[in-house]
Structures are given as structure tokens and as C-alpha cells.
Amino acid sequence: PRIPGHLLTIEMRRARFAVGLRMTRRYCSTANINELEKFGKLSEAWWDPQGPLASLHQFNPTRVKYLRTRIQDLGLDSGKSKLKPFTGLRLLDVGCGGGILSESLSRLGGSVTGVDACEEGIAAACHRRSQTGLDIDFRHTTVEQLVEAEKGTFDVVIASEVLEHVDNPAMFLSCLTQLMKPDASLLVVTTFAKTLASYFSAVFMAEHILSIVPKDTHDWNKFVSPDKLKEWLDEHGLDMDTIDVTTISVVPKFPKGLLSLGGSVADLKFVPTPKLLDTPNLMVNYMLSAQRKPLRQ
């Protein structure tokens with residue numbers, strides 16, 4: 001009989017995942033077992049807006065707004081409904097975890113597929129889906145395996161707060177672009193820039209001083225600058241045009257956020273960085289969108 005994910009010991013999860021990797025060796029998976037174990041332990045916290053994953057709940061409105069803007073700018077939205085602008089679009093949420101972003105995309109009318117290599121995260125997403133009744137296709141799979149099944153089928157592919165947790169991010173990006181439709185499709189990535197400012201803010205302050213996120217959530221060495229990300233898109237012949245990079249700042253809400261250092265992420269909000277402060281050396285978190293180059297006639 002299948003053992004529920006929450007009852008598995010770390011050793012059992014490691015053994016089972018190792019077997020899975022051997023079975024799919026030909027995919028050269030970018031999934032990192034240590035990262036999967038880390039987020040597997042947080043499976044019950046995905047839908048706790050005050051818990052260890054609260055920062056994702058706070059960031060979600062900002063990334064959803066960004067997606068709406070980029071999709072509208074490219075003319076991919078239906079234009080028929082402000083409440084359901086994603087109607088008719090297939091959207092892929094890679095590294096969806098418990099489905100925070102997937103749920104928002106579905107509520108906006110999109111046909112959403114959420115995938116994650118962490119079984120416990122997908123279990124949390126499915127449990128939430130049973131409560132909301134939303135029609136979201138959640139799958140426990142790697143992005144490499146998904147390419148085999150769904151290559152070239154998605155209008156919008158999103159990897160939000162995922163790139164810094166995978167092995168071989170350049171290969172991961174290649175897989176994302178293979179999942180996009182051959183023409184008129186959009187890739188959106190949100191991640192951390194590799195700067196001293198990002199180490200101070202996202203690691204030192206957020207993890208060790210304010211305890212906004214659990215310690216060791218992030219490895220600064222795996223952060224990627226937008227220039228490097230764009231370079232990977234170009235180097236691998238992915239036929240992508242970067243159309244926007246928006247830097248994100250974390251600011252306190254007034255007045256409570258200014259008065260408390262208690263580590264409550266609810267007292268913070270994520271906003272686009274003012275132009276005056278939008279310099280490469282001060283960059284922490286950013287959102288990048290790239291369009292598939294139009295097919296030649």
C-alpha cells in the first residue's frame with residue numbers, strides 16, 4: 001500500500017526519490033533532493049498566511065498583477081472580461097508547491113496546470129483544490145518529464161521563486177521554453193538577483209534577524225542576475241526576446257510595519273522598485289518576462 005507523504009521519514013523520502021531519479025535518468029532531472037525535502041517538511045504550512053511561507057502570500061498579488069499586465073500587453077488575454085481575463089489560455093505554474101499562484105490564475109479564468117517535484121506540496125495543493133472546487137490540474141512530476149508529455153502546448157509558462165532552488169538552472173530554463181507554444185507565448189520568471197543587497201535582505205535579514213522565512217530557505221550562491229538569465233536564454237538558442245525586467249522591493253506597511261521588528265511578514269508588502277533606487281547593485285528580487293520570437297512566415 002502507498003504510504004502517505006506526511007508519514008514518510010526523511011530517509012524513506014530520499015530513497016524513494018532516488019529510485020525515481022534512476023527510473024528517469026534519461027531526463028537528467030534538475031530537481032534537487034535537498035530542496036524537495038526542505039519544502040516537503042513545510043507541506044502543512046502552504047495555506048497558512050501567517051506561517052513560514054507567508055511571504056509567498058504577500059508577494060502573490062504583485063506577481064499576479066505583473067502577469068496580467070504582461071499578458072495584456074502581448075494581446076494574449078481574451079479582452080472580453082475584466083474578471084476572467086485569462087479565459088481561453090493554458091497556463092503552466094512550474095514549482096507550484098501548494099498552489100497559491102495556481103489558484104489565483106484559475107480564478108482569473110485560466111486553464112491551469114500546476115506541477116512540482118515535491119509530492120507533499122502537490123498533496124497540499126490537491127487538498128486545497130478539494131476545498132475550493134477549482135478546476136486545476138495538479139501533477140507530481142519533474143519539468144523534464146512534462147516536456148515529454150506536453151511539449152509546445154502552453155500559452156504562458158511561469159516559474160515563480162523556483163529558479164534559485166533547482167540544479168542546472170540553464171537546463172531548467174530550456175525545458176520551460178520547450179513547454180511554450182511555438183508562437184505568441186510568454187515566459188515569466190521571478191527570482192533573486194545575485195547581489196550583496198540580496199544576501200543582506202533575503203538571507204541575513206529575512207532568515208536570521210526577522211525570521212520571516214525559515215533559515216536555510218535560500219542559498220545565495222544559487223541566485224541569478226537578470227543579465228545572466230537573459231544570457232542563458234540567448235546562449236541556448238531558445239529564440240526568446242526579453243521584453244521586461246521589473247525589480248521588486250519589500251517595504252513596511254504603515255504604520256505597524258515601521259514600528260515592529262518582530263518578523264511578521266504581514267507587516268510588509270512587495271512593490272515595484274522606484275526608479276531612483278532601481279540600480280543593479282541594489283537589486284534583490286525581480287520579475288522577468290520573455291516572449292517567444294514570432295515564427296518566420
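These legends describe close-up views of a predicted model.

**View 1. A stacked pair of rings, F192 and F223.**
The structure holds four aromatic pairs. In one of them, the ring centres of F192 and F223 are 4.9 Å apart and the planes meet at 15°. That angle is under the 30 degrees cut-off, so the pair counts as stacked. F192 belongs to strand β5, residues 186–192. F223 sits in the loop between α8 (196–209) and α9 (226–235). The pair therefore ties together parts that are 31 residues apart in sequence.

**View 2. Burial of F192 and F223.**
F192 has a relative accessibility of 9%, so F192 counts as buried. F223 has a relative accessible area of 4% and is therefore buried.

**View 3. Charged side chains over tryptophan rings.**
R128 lies over the face of W47. The distance from R128 to the ring centre of W47 is 4.0 Å. K194 lies over the face of W220. Here the distance to the ring centre is 5.1 Å.

**View 4. Strand β1 and its two parallel partners, β2 and β4.**
β1 spans residues 90–94. The strand is mostly covered, with four of its five residues buried. β1 pairs with β2 (residues 111–116) in the parallel sense, over five bridges. On the β2 side, L91 stands opposite V112. β1 also runs parallel to β4 (residues 156–160), and four bridges join them. On the β4 side, the bridge partner of L92 is V157. In a regular strand, side chains alternate between the two faces of the sheet.

**View 5. The right-handed β-α-β unit.**
Which elements make up this unit? They are β1, helix α4 (residues 100–107) and β2. Its two strands, β1 and β2, pair in the parallel sense. After α4 comes G109, with a positive phi near 100°.

**View 6. Helix α4 and what covers it.**
How many of the eight residues of α4 are buried? Seven are, so the helix is mostly covered by the under 20% cut-off. The buried residues are I100, L101, S102, E103, S104, L105 and S106. What covers them includes the helices α3 (54–73) and α5 (119–132). The cover also includes the strands β1, β2, β3 (137–140) and β4.

Note on methods. Residues numbered from 1 in each chain as written. Predicted model: local features only at pLDDT ≥ 70, side-chain atom pairs only at ≥ 80, totals over all residues. Heavy atoms only, no water. Phe/Tyr/Trp six-rings, centres within 6.5 Å; stacked < 30°, edge-to-face > 60°. Buried < 20%, exposed > 50% of the residue type's maximum accessible area, 1.4 Å probe, protein only. Lys NZ or Arg CZ within 6 Å of the ring centre and 35° of its normal. Pairing = 2+ DSSP bridges. Right-handed = clockwise from strand over helix to strand, strands pointing away. Contact = heavy atoms within 4.5 Å.
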